[in-house]
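Visitor: I'd like to go through this one term by term. Can you show me the model?

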Amino acid sequence: MKIVLSRKGFDSQYGRIPSPILPDGTLLSLPIPTSESGRRFTDLMRGDRSYADLIVDLGGNAAMAQGCCHLDPDLRPGTASGWVPAFGQTGAAQTHLANQGVGVGDLFLFFGRFRQTELGPDGRLRYVRHAPDQHTIFGYLQVGAVEQGERVRDYWWHPHAENPDPLPNNTLYLGADRLMATDLPGAGVLDYREDRVLTAPGQSLSRWRILDWMTQGKMSYHSALSIKDGYFQSAAKGQEFVVEATADALEWAQAVIRPMSS
């Protein structure tokens, strides 16, 4: 079995602001802007406010906020007929996943750049002053099925089915019904919790906590040289980092997903 750490959402290149940790602890991953998708930031809602409203509140580009976005992974239950949680990949990133043998039964953990927010006196969302940017795990998907090529178009609501031109090695990973040997859904979103933060306390964004499994297992794009004095240096390249699921790595992943009370 493999665990895939998959970096998604707004970053310094796409969107240029951190996704918000909302005051109630919701990790609201902001999907990257694109000109190819039919979904718009104004269509996506959090309560009575659109993602576009929240982006503008947080100082994001107002023109971008009126445009389209690439909602992928799609983990929050949708209203589309036949909706299932899904994640799509193509091009060099999919080639990497294929070369690593990622498929049915493997587990994606999605992380992104987040910062704590609060409501200001005017009722608008704002970043907490001096709050750090943190790489934080916001969702998961255990692969129940893999669809490729023309079969991806059957999932018409997903952005990887919307492009009119065939995408090279276009692949869709669909969530399993249940998460490995639990009664939890096979895919879903997570709220903020300290053990879901990858970034080491007091360190810059890409300097992660050294977890026990990092010293024993293998992670693509990384090596023993990634372990530094007091932190693990995550790679700048690559959308997905594939980890061999040692017993320690699997125990960590399950703990990250499980509700604290279970």
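Visitor: Why does Cys69 count as buried?

Guide: Buried means under 20% relative accessible area, exposed over 50%, and partly exposed in between, with a 1.4 Å probe and protein chains only. Cys69 has 0% relative accessibility, so it counts as buried. Before we go on: this is a predicted model, where local features need pLDDT of at least 70 and side-chain atom pairs count only at pLDDT 80 or more, while totals for chains, interfaces and linings use all residues. Residues are numbered from 1 along each chain as its sequence is written, and side-chain values use heavy atoms, leaving out hydrogens and water.

Visitor: And what makes Cys68 buried?

Guide: Its relative accessible area is 15%, and the cut-off is under 20%.

Visitor: What makes a pocket a pocket, and how many residues line the largest one?

Guide: On a 1 Å grid over the protein atoms alone, a pocket is an open set of points where a 1.4 Å probe fits, with protein on both sides within 12 Å along at least five of seven lines; lining residues have an atom within 4 Å of a point. The largest pocket has 34 of them, with Arg7, Lys8, Tyr14, Ile32 and Gln239 nearest its centre. Its volume, the space filled by probe spheres set on the points, is about 900 Å³.

Visitor: What is the volume of the second largest pocket?

Guide: About 540 Å³. It is lined by 30 residues, and Leu44, Tyr51, Leu71, Asp74 and Arg76 are the closest to its centre.

Visitor: Why do you say the buried residues of H5 line one face of the helix?

Guide: Helices are DSSP runs of H or I with at least four residues, strands are runs of E with at least two, and both are numbered from the N terminus. H5 spans residues 247–257, and its buried residues are Ala249, Trp252, Ala253, Val256 and Ile257. Down the axis they fall within an arc of 130°, so they line one face; the arc is that of the directions from the helix axis to the C-beta atoms. The face turned away from the buried side carries the exposed residues Ala247 and Glu251.
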